[in-house]
Amino acid sequence: MTERPEGGYYAVIPAEVRYDKGLKPNAKLLYGELTSLCNKSGYCWATNEYFAELYGLSTSTISRLISQLEAKGYIRCEMAATSKGSERRIYAGA
């Protein structure tokens, strides 16, 4: 099972995102999860597989939702070098 963050992590979904009629409801929920994970280290480190297991969706659906949030300017995705290669980092409120 997917390990979930413990402690005082909370989701923030600003009105601009909540009331955006062009966003799918799951994209809004995913935005909340992204902001929650960003509270821990300033960016979201989670993979599409993590979100897919967490919400019972396919990884391709998660990919589309992330792309939708990025296209709307609500998040920004970057690749960062790590000791194991690279990882995607997602920043909320871009």
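Colleague: What share of the 94 residues in the protein chain is buried?

Modeller: Buried residues make up 36% of the 94. The word means under 20% relative accessible area, with a 1.4 Å probe and protein chains only. This is a predicted model, where local features need pLDDT of at least 70, side-chain atom pairs count only at pLDDT 80 or more, and totals for chains, interfaces and linings use all residues. Residues are numbered from 1 along each chain as its sequence is written, and side-chain values use heavy atoms, leaving out hydrogens and water.

Colleague: How many helices and strands does the protein chain have?

Modeller: There are 4 helices and 2 strands. They are DSSP runs: H or I of at least four residues for helices, E of at least two for strands. From the N terminus, the order is α-α-α-α-β-β.

Colleague: Why are helix 2 and helix 3 called oblique to each other?

Modeller: Helix 2 covers residues 25–41 and helix 3 covers residues 48–55. Their axes cross at roughly 120° and come within 12 Å. Under 35 degrees is roughly parallel, over 145 roughly antiparallel, 65 to 115 roughly perpendicular, and the rest oblique. The pair is therefore oblique.

Colleague: Which residues make the contact?

Modeller: Helix 2 brings Leu29, Leu30, Glu33, Leu34 and Leu37. Helix 3 brings Tyr50, Phe51, Leu54 and Tyr55. Contact means heavy atoms within 4.5 Å.

Colleague: What classes of residue does this contact of helix 2 with helix 3 have?

Modeller: The contact has 8 nonpolar, no polar and 1 charged residues. Leu, Phe and Tyr count as nonpolar, and Glu as charged.

Technical notes: Axes fitted to C-alpha atoms, helices over the stretch in contact; angles between N-to-C directions. Buried < 20%, exposed > 50% of the residue type's maximum accessible area, 1.4 Å probe, protein only.
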